[in-house]
Amino acid sequence: MHHLTEEQITILKQALLSLRDKVLSSAQEQIKDPSNITFEGGDEIDRANVETGRYISLQRIKTRELKLLRKIDYALYKIETGTYGICESCGAPIPFERLMARPVTTMCINCKELEEEREHE
Ligand SMILES: [Zn+2]
């Protein structure tokens, strides 16, 4: 059984879905932002540079946003399969408050801290 109520799950699902929308629209805005594209004149070399620069900035946005989108989709998948809110490391229930603060989290605070300590070693 689950430590989260159906209502809490619904709230968290909404939070994840609106986060997903936010990430998608911010990625689209960055792509549309004219400051990313400073194409002037018709020189072939300039054109190539602009295209490369634009490509690199798109790639950067993609990597960062995609990483978050994958986490969001994964969290939504876990909601569907009923494993959401359970620490992937120790199996402890993750408190609703922590999930609300960070809906994509997959670990309880203890395991997360242990993991961060390991990363700093
Ligand atoms: Zn844990």
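Buried residues make up 9% of the 121 residues in the protein chain, and please keep in mind that we are looking at a predicted model. So what is the chain built from? There are four helices and zero strands, and from the N terminus on the order reads α-α-α-α.

Now let's look inside. Which residues form the largest nonpolar core? There are eight of them: Leu-12, Leu-16, Ile-72, Ala-75, Tyr-84, Ile-94, Leu-99 and Cys-108. Helix H1, spanning 6-32, gives at least two residues to this core, and H2 also gives at least two.

Let's pick out one core member, Ile-72. Leaving aside residues up to four places away in sequence, Ile-72 touches Leu-16, Leu-19, Arg-20 and Val-104.

What about contacts across the chain as a whole? Take the contacts between residues at least 6 apart in sequence: 53% of them join residues at least 24 apart.

Last stop, Thr-83. You can find Thr-83 in the loop between helix H2, which covers 44-81, and helix H3, which covers 96-101. Is Thr-83 buried or exposed? Thr-83 is exposed, because it has 12 other C-beta atoms within 10 Å, and a residue counts as exposed at 12 or fewer. And here is a pair to look for on your screen: Thr-83 and His-2 are 81 residues apart in sequence, while their C-alpha atoms are 8.4 Å apart in space.

How values were computed: Residues are numbered from 1 along each chain as its sequence is written. This is a predicted model: local features need pLDDT of at least 70, side-chain atom pairs count only at pLDDT 80 or more; totals for chains, interfaces and linings use all residues. A residue is buried if 20 or more other C-beta atoms lie within 10 Å of its own, exposed if 12 or fewer, and partly exposed in between; C-beta atoms are placed from the backbone. Two residues are in contact if their C-beta atoms, placed from the backbone, lie within 7 Å. A nonpolar core is a set of buried Ala, Val, Leu, Ile, Met, Phe, Trp, Tyr and Cys residues joined through C-beta atoms within 7 Å.
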